[in-house]
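Thanks for making time this morning.

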Amino acid sequence: MLTDTETRLLGVMMMVIMLGMGASLTFKDFAIALRKPAGVGIGLITTYVLTPMVGYLLATALKLPPAYAVGLILMACLPGGTTSNIFNYFSKGVLSLSILMTIVSTLFAVLLVPLALKLFSSGIEGEWQIPPGNVAQVLVVLLVPTVIGMLLRKWNANVGAVLEMLGGLLGIVVIVFLIVSWVPRNFGLLATTPAEVYIGAIGLGLVGFLVGYAFARLVRQDKRRSRTIALETGIQNGPLGVLIVLLTFEGTRQQEVLLIPVLYSLFIVLTSSMVTIWFRRITLREEEARDNAKIGAVTAA
(Lines give C-alpha, C1' and ligand atoms only; values in the text may rest on other atoms or scores of the structure.)
Protein backbone atom coordinates (compact mmCIF):
# COMPACT_ATOMS: atom_id res chain seq x y z
CA MET A 1 0.00 0.00 0.00
CA LEU A 2 2.95 2.31 0.72
CA THR A 3 6.35 1.82 -0.91
CA ASP A 4 9.53 1.61 1.16
CA THR A 5 10.50 5.08 -0.06
CA GLU A 6 7.13 6.50 0.98
CA THR A 7 7.41 4.83 4.38
CA ARG A 8 10.86 6.30 5.04
CA LEU A 9 9.71 9.70 3.76
CA LEU A 10 6.68 9.55 6.07
CA GLY A 11 8.98 8.89 9.03
CA VAL A 12 11.14 11.91 8.15
CA MET A 13 8.05 14.06 7.64
CA MET A 14 6.67 13.03 11.05
CA MET A 15 9.96 14.09 12.66
CA VAL A 16 9.69 17.52 11.03
CA ILE A 17 6.00 17.82 11.99
CA MET A 18 6.83 17.03 15.64
CA LEU A 19 9.74 19.48 15.48
CA GLY A 20 7.25 22.12 14.37
CA MET A 21 4.86 21.15 17.14
CA GLY A 22 7.64 21.54 19.69
CA ALA A 23 8.51 24.92 18.23
CA SER A 24 4.93 26.04 18.88
CA LEU A 25 5.39 25.38 22.60
CA THR A 26 7.45 26.93 25.37
CA PHE A 27 8.26 25.51 28.76
CA LYS A 28 6.17 28.33 30.24
CA ASP A 29 3.17 27.11 28.21
CA PHE A 30 3.06 23.89 30.20
CA ALA A 31 2.99 25.79 33.47
CA ILE A 32 0.25 28.09 32.15
CA ALA A 33 -1.73 25.09 30.87
CA LEU A 34 -1.64 23.42 34.26
CA ARG A 35 -2.92 26.62 35.89
CA LYS A 36 -6.02 26.58 33.66
CA PRO A 37 -7.98 23.51 34.80
CA ALA A 38 -10.99 24.25 32.54
CA GLY A 39 -8.88 24.23 29.36
CA VAL A 40 -6.91 21.20 30.51
CA GLY A 41 -10.07 19.30 31.37
CA ILE A 42 -11.70 20.10 28.03
CA GLY A 43 -8.56 19.04 26.16
CA LEU A 44 -8.25 15.73 27.98
CA ILE A 45 -11.93 14.79 27.78
CA THR A 46 -12.37 15.61 24.08
CA THR A 47 -9.08 14.00 23.00
CA TYR A 48 -8.93 10.88 25.16
CA VAL A 49 -12.57 10.16 26.07
CA LEU A 50 -15.04 11.60 23.55
CA THR A 51 -13.16 10.97 20.30
CA PRO A 52 -12.12 7.38 21.21
CA MET A 53 -15.75 6.75 22.18
CA VAL A 54 -16.87 8.05 18.77
CA GLY A 55 -14.40 5.70 17.05
CA TYR A 56 -15.53 2.72 19.13
CA LEU A 57 -19.24 3.40 18.57
CA LEU A 58 -18.74 3.89 14.82
CA ALA A 59 -16.76 0.64 14.53
CA THR A 60 -19.47 -1.20 16.49
CA ALA A 61 -22.45 0.35 14.66
CA LEU A 62 -20.90 -0.29 11.24
CA LYS A 63 -19.91 -3.86 12.27
CA LEU A 64 -16.43 -3.36 10.86
CA PRO A 65 -14.14 -6.39 10.62
CA PRO A 66 -11.28 -6.41 13.19
CA ALA A 67 -8.65 -5.02 10.78
CA TYR A 68 -10.76 -1.96 9.94
CA ALA A 69 -12.08 -1.55 13.48
CA VAL A 70 -8.60 -1.38 15.02
CA GLY A 71 -7.50 1.16 12.40
CA LEU A 72 -10.51 3.36 13.15
CA ILE A 73 -10.10 3.10 16.93
CA LEU A 74 -6.37 3.84 16.65
CA MET A 75 -7.12 7.06 14.77
CA ALA A 76 -9.74 8.02 17.35
CA CYS A 77 -7.26 7.60 20.22
CA LEU A 78 -4.55 9.86 18.76
CA PRO A 79 -4.04 13.52 19.66
CA GLY A 80 -4.35 16.34 17.17
CA GLY A 81 -1.42 18.60 16.38
CA THR A 82 -0.38 21.86 14.80
CA THR A 83 -2.54 21.11 11.75
CA SER A 84 -5.64 21.73 13.88
CA ASN A 85 -4.07 25.01 15.04
CA ILE A 86 -3.75 26.12 11.40
CA PHE A 87 -7.39 25.28 10.63
CA ASN A 88 -8.46 27.17 13.76
CA TYR A 89 -6.36 30.15 12.68
CA PHE A 90 -8.08 30.32 9.28
CA SER A 91 -11.51 29.74 10.84
CA LYS A 92 -10.91 32.73 13.16
CA GLY A 93 -11.25 30.48 16.19
CA VAL A 94 -9.75 31.16 19.62
CA LEU A 95 -6.15 30.33 18.75
CA SER A 96 -4.91 30.43 22.35
CA LEU A 97 -7.48 27.75 23.30
CA SER A 98 -6.52 25.67 20.26
CA ILE A 99 -2.85 25.81 21.24
CA LEU A 100 -3.70 25.03 24.87
CA MET A 101 -5.57 21.88 23.80
CA THR A 102 -2.58 20.89 21.63
CA ILE A 103 -0.29 21.35 24.64
CA VAL A 104 -2.54 19.21 26.83
CA SER A 105 -2.86 16.39 24.29
CA THR A 106 0.92 16.45 23.71
CA LEU A 107 1.73 16.51 27.41
CA PHE A 108 -0.37 13.44 28.21
CA ALA A 109 -0.05 11.51 24.91
CA VAL A 110 2.59 8.97 25.99
CA LEU A 111 0.43 7.89 28.93
CA LEU A 112 -3.13 8.31 27.66
CA VAL A 113 -2.91 7.18 24.01
CA PRO A 114 -1.84 3.61 24.93
CA LEU A 115 -4.39 3.57 27.77
CA ALA A 116 -7.28 4.74 25.55
CA LEU A 117 -6.26 2.30 22.78
CA LYS A 118 -6.15 -0.63 25.21
CA LEU A 119 -9.53 0.28 26.70
CA PHE A 120 -11.49 0.89 23.49
CA SER A 121 -9.95 -1.96 21.44
CA SER A 122 -10.17 -4.59 24.18
CA GLY A 123 -12.85 -6.59 22.34
CA ILE A 124 -10.84 -6.96 19.12
CA GLU A 125 -9.13 -10.27 18.33
CA GLY A 126 -5.61 -10.57 19.72
CA GLU A 127 -3.83 -10.88 16.37
CA TRP A 128 -5.27 -7.52 15.32
CA GLN A 129 -4.43 -5.73 18.54
CA ILE A 130 -1.90 -2.89 18.46
CA PRO A 131 0.29 -3.38 21.55
CA PRO A 132 0.08 -0.21 23.69
CA GLY A 133 3.84 -0.51 24.21
CA ASN A 134 4.42 -0.04 20.47
CA VAL A 135 2.41 3.18 20.52
CA ALA A 136 4.24 4.44 23.61
CA GLN A 137 7.63 3.72 21.99
CA VAL A 138 6.71 5.66 18.84
CA LEU A 139 5.47 8.60 20.91
CA VAL A 140 8.61 8.59 23.08
CA VAL A 141 10.80 8.65 19.96
CA LEU A 142 8.74 11.52 18.53
CA LEU A 143 9.12 13.45 21.79
CA VAL A 144 12.81 13.97 20.90
CA PRO A 145 12.18 16.34 17.95
CA THR A 146 9.37 17.94 19.98
CA VAL A 147 11.79 18.82 22.79
CA ILE A 148 14.37 19.99 20.23
CA GLY A 149 11.72 22.27 18.73
CA MET A 150 10.95 23.71 22.18
CA LEU A 151 14.67 24.35 22.79
CA LEU A 152 15.02 26.06 19.41
CA ARG A 153 12.00 28.25 20.24
CA LYS A 154 13.63 29.20 23.55
CA TRP A 155 16.94 29.95 21.79
CA ASN A 156 15.39 32.05 19.01
CA ALA A 157 11.70 32.93 18.85
CA ASN A 158 11.88 33.74 15.11
CA VAL A 159 13.35 30.33 14.28
CA GLY A 160 10.66 28.76 16.46
CA ALA A 161 7.89 30.61 14.63
CA VAL A 162 9.19 29.47 11.24
CA LEU A 163 9.44 25.85 12.41
CA GLU A 164 5.95 26.03 13.90
CA MET A 165 4.44 27.15 10.60
CA LEU A 166 6.56 24.62 8.67
CA GLY A 167 5.41 21.75 10.91
CA GLY A 168 1.73 22.63 10.56
CA LEU A 169 1.91 23.09 6.79
CA LEU A 170 3.91 19.90 6.38
CA GLY A 171 1.10 17.99 8.08
CA ILE A 172 -1.14 19.08 5.21
CA VAL A 173 1.60 18.42 2.64
CA VAL A 174 1.94 14.83 3.90
CA ILE A 175 -1.74 14.23 3.27
CA VAL A 176 -1.62 15.87 -0.17
CA PHE A 177 1.43 13.71 -0.92
CA LEU A 178 -0.56 10.61 0.02
CA ILE A 179 -3.39 11.71 -2.26
CA VAL A 180 -1.10 12.31 -5.25
CA SER A 181 1.05 9.18 -4.85
CA TRP A 182 -1.28 6.69 -3.21
CA VAL A 183 -4.74 7.20 -4.71
CA PRO A 184 -3.88 6.54 -8.40
CA ARG A 185 -1.86 3.47 -7.49
CA ASN A 186 -4.63 2.05 -5.29
CA PHE A 187 -7.65 3.13 -7.33
CA GLY A 188 -8.77 -0.47 -7.75
CA LEU A 189 -8.68 -0.99 -3.99
CA LEU A 190 -10.64 2.20 -3.38
CA ALA A 191 -13.28 1.20 -5.92
CA THR A 192 -13.89 -2.12 -4.14
CA THR A 193 -13.69 -0.82 -0.57
CA PRO A 194 -17.00 -1.35 1.29
CA ALA A 195 -19.14 1.73 1.93
CA GLU A 196 -19.00 1.23 5.70
CA VAL A 197 -15.22 1.72 5.63
CA TYR A 198 -15.66 5.11 3.97
CA ILE A 199 -18.43 5.99 6.43
CA GLY A 200 -16.12 5.16 9.35
CA ALA A 201 -13.12 7.05 7.95
CA ILE A 202 -15.11 10.18 7.07
CA GLY A 203 -17.54 9.92 9.98
CA LEU A 204 -14.81 9.99 12.64
CA GLY A 205 -13.97 13.59 11.75
CA LEU A 206 -17.53 14.77 11.10
CA VAL A 207 -19.01 13.23 14.24
CA GLY A 208 -15.98 14.48 16.16
CA PHE A 209 -16.80 18.05 15.10
CA LEU A 210 -20.40 17.66 16.26
CA VAL A 211 -19.53 15.98 19.56
CA GLY A 212 -16.81 18.53 20.30
CA TYR A 213 -19.18 21.45 19.69
CA ALA A 214 -22.00 19.89 21.72
CA PHE A 215 -19.68 19.14 24.64
CA ALA A 216 -18.27 22.66 24.59
CA ARG A 217 -21.75 24.19 24.71
CA LEU A 218 -22.67 21.75 27.50
CA VAL A 219 -19.80 23.05 29.64
CA ARG A 220 -20.92 26.63 28.89
CA GLN A 221 -18.28 27.72 26.41
CA ASP A 222 -19.32 30.55 24.09
CA LYS A 223 -20.02 29.79 20.44
CA ARG A 224 -16.63 30.88 19.14
CA ARG A 225 -14.73 28.80 21.71
CA SER A 226 -17.09 25.91 20.97
CA ARG A 227 -16.22 26.05 17.27
CA THR A 228 -12.54 26.00 18.23
CA ILE A 229 -13.07 22.93 20.41
CA ALA A 230 -15.07 21.27 17.61
CA LEU A 231 -12.12 21.52 15.19
CA GLU A 232 -9.70 20.29 17.85
CA THR A 233 -11.95 17.31 18.58
CA GLY A 234 -12.48 16.26 14.97
CA ILE A 235 -8.91 16.56 13.66
CA GLN A 236 -6.57 13.71 14.58
CA ASN A 237 -2.91 13.17 13.68
CA GLY A 238 -3.40 11.04 10.55
CA PRO A 239 0.30 10.67 9.58
CA LEU A 240 1.09 9.45 13.11
CA GLY A 241 -1.61 6.78 12.83
CA VAL A 242 -0.19 5.60 9.50
CA LEU A 243 3.31 5.44 10.97
CA ILE A 244 2.18 3.38 13.99
CA VAL A 245 0.46 0.83 11.72
CA LEU A 246 3.54 0.57 9.49
CA LEU A 247 5.74 -0.14 12.51
CA THR A 248 3.32 -2.65 14.07
CA PHE A 249 2.06 -4.89 11.25
CA GLU A 250 3.56 -6.55 8.20
CA GLY A 251 2.34 -7.91 4.89
CA THR A 252 -1.36 -8.30 4.15
CA ARG A 253 -2.35 -7.56 7.74
CA GLN A 254 -0.55 -4.22 7.59
CA GLN A 255 -2.36 -3.22 4.41
CA GLU A 256 -5.78 -4.05 5.84
CA VAL A 257 -5.25 -2.09 9.07
CA LEU A 258 -3.68 0.78 7.16
CA LEU A 259 -6.76 1.43 5.00
CA ILE A 260 -8.81 3.53 7.44
CA PRO A 261 -5.88 5.66 8.74
CA VAL A 262 -4.97 6.50 5.12
CA LEU A 263 -8.58 7.21 4.13
CA TYR A 264 -9.06 9.34 7.25
CA SER A 265 -5.93 11.32 6.37
CA LEU A 266 -7.19 11.85 2.83
CA PHE A 267 -10.68 13.03 3.77
CA ILE A 268 -10.01 15.03 6.94
CA VAL A 269 -8.35 17.83 4.95
CA LEU A 270 -11.45 18.13 2.75
CA THR A 271 -13.98 18.01 5.61
CA SER A 272 -11.88 20.31 7.83
CA SER A 273 -11.54 22.83 4.99
CA MET A 274 -15.30 22.94 4.47
CA VAL A 275 -16.00 23.25 8.20
CA THR A 276 -13.30 25.93 8.50
CA ILE A 277 -14.88 28.03 5.73
CA TRP A 278 -18.30 27.64 7.37
CA PHE A 279 -16.97 28.58 10.84
CA ARG A 280 -15.09 31.56 9.42
CA ARG A 281 -18.25 32.93 7.79
CA ILE A 282 -20.17 32.56 11.07
CA THR A 283 -17.45 34.38 13.01
CA LEU A 284 -17.27 37.20 10.45
CA ARG A 285 -21.06 37.64 10.67
CA GLU A 286 -20.85 37.75 14.47
CA GLU A 287 -18.07 40.35 14.33
CA GLU A 288 -20.04 42.44 11.84
CA ALA A 289 -23.14 42.28 14.06
CA ARG A 290 -21.11 43.40 17.09
CA ASP A 291 -19.56 46.28 15.13
CA ASN A 292 -23.00 47.40 13.90
CA ALA A 293 -24.36 47.21 17.45
CA LYS A 294 -21.51 49.42 18.70
CA ILE A 295 -22.08 51.94 15.91
CA GLY A 296 -25.78 51.95 16.71
CA ALA A 297 -25.11 52.53 20.41
CA VAL A 298 -22.74 55.43 19.64
CA THR A 299 -25.27 56.97 17.21
CA ALA A 300 -28.08 56.66 19.73
CA ALA A 301 -25.96 58.30 22.42
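**Aromatic pairs and a helix crossing**

W278 is exposed, with a relative accessible area of 53%, where exposed means over 50%, buried under 20% and partly exposed in between, using a 1.4 Å probe and protein chains only. This is a predicted model, in which local features need pLDDT of at least 70 and side-chain atom pairs count only at pLDDT 80 or more, while totals for chains, interfaces and linings use all residues. Residues are numbered from 1 along each chain as its sequence is written, and side-chain values use heavy atoms, with hydrogens and water left out.

A search of the whole structure finds three aromatic pairs, a pair being rings of Phe, Tyr or Trp (its six-membered ring) with centres within 6.5 Å, called stacked if the planes are under 30 degrees apart, edge-to-face if over 60 and tilted for the rest. One of them joins Y198 and F267 edge-to-face, at 6.2 Å centre to centre and 80 degrees between the planes. That pair links distant parts of the chain, since Y198 lies in helix 10 and F267 in helix 13 (residues 251–300), 69 residues apart; helices here are DSSP runs of H or I with at least four residues, numbered from the N terminus. F267 is partly exposed, at 23% relative accessible area. The rings of W278 and F279 have centres 5.7 Å apart and planes at 35 degrees, so this pair is tilted. F279, at 6% relative accessibility, counts as buried.

Methods:
Helix = DSSP H or I, 4+ residues; strand = E, 2+ residues; numbered from the N terminus.
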